[in-house]
Amino acid sequence: MIRFDYARPGDVAEAVREGAGDHAAYLAGGTNLIDLMKENVARPLEVVDINRLPLAQITDRDDGGLRLGALATNADTAWDERVQARYPLLSSAILAGASPQLRNAATNGGNLNQRTRCYYFYDTDTPCNKRVPGQGCGAIGGVNRIHAILGASDQCIATHPSDMCVALAALDAQVQVTGPQGERTIAFADYHRLPGDEPWRDNTLTAGELVTAIDLPPAEFATNYTYLKLRDRLSYAFALVSVAVAMRIEDERIADVRIALGGVAHKPWRRTEAEDAVRNERPTESVFDNAARALLAGAVGQGDNSFKIALAHKAIVRALHQAAAGTPQSQTDKRIR
Ligand code: SF4
């Protein structure tokens, strides 16, 4: 048996004090951390249960945006009337992920901090630099169908598994955190990181920092958007490739656009060059094709996952067409149209 201390703080300041140690872990919905502890992948010496903290609300912001509490569940967020009306891209992405049971338990903060689903990361009999620094990477030269084609390093080719985070990247969300040094705001693009030579670091949080909320800027993308997710099964499967598009059309031209990819890198993948290729243009196949090329520039297959490069290209073009036409992918009727 692996022993750990358990704390159940009543406010954020107490939680941060409890969570400041190197071997502490915050527990919310537990849909990932408990699995990792059962598999002996995560071995925290102190589990700080944050479920009593007052962080489960979804509230309007003075600037017209929305604040999603870190402990609001993924289900409550996806079905919130304000999220559905003003940020349907986010609602769609959440509903594309996991299962209803998991979404009822999983929290927004936990969604950001969930760990990769790389098979080798979970199998303690195989080498993994993310689990044990310096041990090697079983996926490079191994079975790597689900792995990264962009932003990988020679130490890790894992992908980030979230759907919600792909939409949050496209929406330019901000992450509110509190830690031993106080409060700070992290732009979503800076929250997750590429593996580089420190693949064990999934994000830019420092020791003891706790996600308290996710802020959405005032909405502009409630009509022309889509979250297109391609996967091996039509439900309860992680993305091979997913595409979040938020678009604004004025006078038959694309006045603004955001494009983020999931399932292809260690973090949600955006490139300004791809969005520049679309902005102020008419929604045509050649414009969307240029955007896909820019977004996938430098993509490298690892063998089993090389198919993802062509798949991602087609998915980007299809998603841009869907968004431009205002015909977003349905997450309840999942037939690919
Ligand atoms: Fe570990 Fe990353 Fe390699 Fe997977 S891809 S085995 S997570 S180092």
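**Pockets, cavities and overall build**

The second largest pocket has a volume of about 220 Å³, where a pocket is an open set of points on a 1 Å grid over the protein atoms alone, with protein on both sides within 12 Å along at least five of seven lines, and where a volume is the space filled by probe spheres set on the points, which are joined across faces, edges and corners. Its lining, made up of residues that have an atom within 4 Å of a point, counts 15 residues, of which Ile146, Ala237, Phe238, Ala239 and Leu240 are the closest to its centre. By class this lining holds six nonpolar, five polar and four charged residues, with Ala, Val, Leu, Ile, Met, Phe, Trp, Tyr, Cys and Pro counted as nonpolar, Asp, Glu, Lys and Arg as charged, and the others, Gly among them, as polar.

The model is a predicted one, in which local features need pLDDT of at least 70 and side-chain atom pairs count only at pLDDT 80 or more, while totals for chains, interfaces and linings use all residues. Residues are numbered from 1 along each chain as its sequence is written, and side-chain values use heavy atoms, with hydrogens and water left out.

The largest cavity contains about 80 Å³ of space, and among its 17 lining residues Cys118, Cys128, Cys137, Cys156 and Ala158 are the closest to its centre. Ten of the lining residues are nonpolar, six polar and one charged. This largest cavity is the space taken by the ligand, a molecule being placed in a cavity if more than half of its atoms lie within 2 Å of the grid points. Around the ligand are 15 residues, with Cys118, Cys128, Cys137, Cys156 and Ile157 coming nearest; a residue is near if one of its heavy atoms lies within 4 Å.

On the scale of the whole protein, there are 13 helices and eleven strands, taken as DSSP runs (H or I, at least four residues, for helices; E, at least two, for strands) and numbered from the N terminus. An automatic or database assignment gives domain 1 (5–49) and domain 2 (224–325), whose centres, taken over C-alpha atoms, are separated by 36 Å.

Tyrosine 236, in the loop between strand S9 (224–230) and strand S10 (241–250), has a positive phi near 55°, and aspartate 251, in the loop between S10 and strand S11 (253–262), has a positive phi near 50°.

Methods
1 Å grid on protein atoms, 1.4 Å probe; cavity = no way out; pocket = protein on both sides within 12 Å on 5 of 7 lines; lining within 4 Å.
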